[in-house]
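I opened a notebook page for this chain and wrote down what I looked up. The entries follow in the order I made them.

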Amino acid sequence: MSDSSHLAELRRRAGMLRLPEVRAAAAIPVPARAGEEDDIAVFLELEEGRTLDEAAVRAHAQAAMPRYMQPQYIRFVAALPVTPTSKIEKYKLRAALMAELGEREERA
């Protein structure tokens with residue numbers, strides 16, 4: 001991941017974490033269905049007892065982020081997969097999304 005890609009990913013995560021319902025977030029690039037730019041997927045772990053829907057996340061993203069940073073895919077997870085050292089295992093999130101979409105992962 002290039003420095004600019006990493007910075008954009010951090011900004012996306014920070015944008016999602018501004019939502020009070022969100023406990024943790026991960027943003028990952030996924031192969032685009034059209035064009036050369038990757039699509040963006042965000043995975044959100046909510047605070048216990050809180051609810052949030054995709055429409056509210058999209059509205060927040062549209063108000064808080066430039067279009068190129070807005071996620072095409074929004075998924076809610078009970079818990080983000082993490083390593084024993086608490087790093088998010090993004091490859092597991094990407095694999096789950098690609099399986100859900102019925103596509104093969106073509107690039108990392």
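The entries below go from the whole chain to single residues.

**Ground rules.** I am working with a predicted model, in which local features need pLDDT of at least 70 and side-chain atom pairs count only at pLDDT 80 or more, while totals for chains, interfaces and linings use all residues. Residues are numbered from 1 along each chain as its sequence is written, and side-chain values use heavy atoms, with hydrogens and water left out.

**Overall layout.** I looked up the secondary structure and found three helices and three strands. Helices (H or I, at least four residues) and strands (E, at least two) are DSSP runs, numbered from the N terminus. Along the sequence I read the pattern α-β-β-α-β-α.

**Contacts and surface.** I took contact to mean heavy atoms within 4.5 Å. Among contacts between residues at least 6 apart in sequence, 56% join residues at least 24 apart. For the accessible surface I noted about 6,800 Å², with 50% of it belonging to carbon and sulfur atoms; such areas come from the Shrake-Rupley method with a 1.4 Å probe, and for residues only the protein chains shown count as cover.

**Burial.** Of the 108 residues in the chain, 37% are buried.

**Cores.** A nonpolar core is a set of buried Ala, Val, Leu, Ile, Met, Phe, Trp, Tyr and Cys residues joined through side-chain atoms within 4.5 Å. The largest one has 14 residues, and M16, V22, V42, L44, L52 and V57 touch the most other members. Strand 1, strand 2 (39-46) and helix 2 each give two or more residues to this core. Apart from it I found another core, of eleven residues, including A26, V30, F43 and L93.

**Helix 2.** Which residues of helix 2 are buried? In this helix (residues 54-64) they are V57, H60 and A61. They lie on the same side of helix 2, because they cover an arc of only 100 degrees around the axis, the arc being that of the directions from the helix axis to the C-beta atoms. The face turned away from the buried side carries the exposed residues A55, Q62 and A63.

**Salt bridges.** I counted a salt bridge where a side-chain nitrogen of Lys or Arg is within 4 Å of a carboxyl oxygen of Asp or Glu. The whole structure has four.

- R58 pairs with E54, with the closest N and O atoms 2.9 Å apart. The two are four residues apart in helix 2, so about one helical turn separates them. R58 is partly exposed at 27% relative accessibility, and E54 is partly exposed at 32%.
- R75 pairs with E100, with the closest N and O atoms 2.7 Å apart. R75 lies in strand 3 (residues 73-77) and E100 in helix 3 (residues 90-101), so the pair ties together parts that are 25 residues apart in sequence.
- E89 pairs with K92, with the closest N and O atoms 3.0 Å apart. E89 is buried, at 13% relative accessible area, whereas K92 is partly exposed at 39%.

**E21.** I found E21 in the loop between helix 1 (3-17) and strand 1 (22-30). E21 is buried yet has no salt bridge, and the nearest side chain of opposite charge is R50, 4.0 Å away. For charge, Lys and Arg count as positive and Asp and Glu as negative; His and the chain ends are not counted. Leaving aside neighbours within four places in sequence, E21 is in contact with E45, L46, E47, R50, T51 and L52.

Technical notes. Buried means under 20% relative accessible area, exposed over 50%, partly exposed in between (1.4 Å probe, protein chains only).
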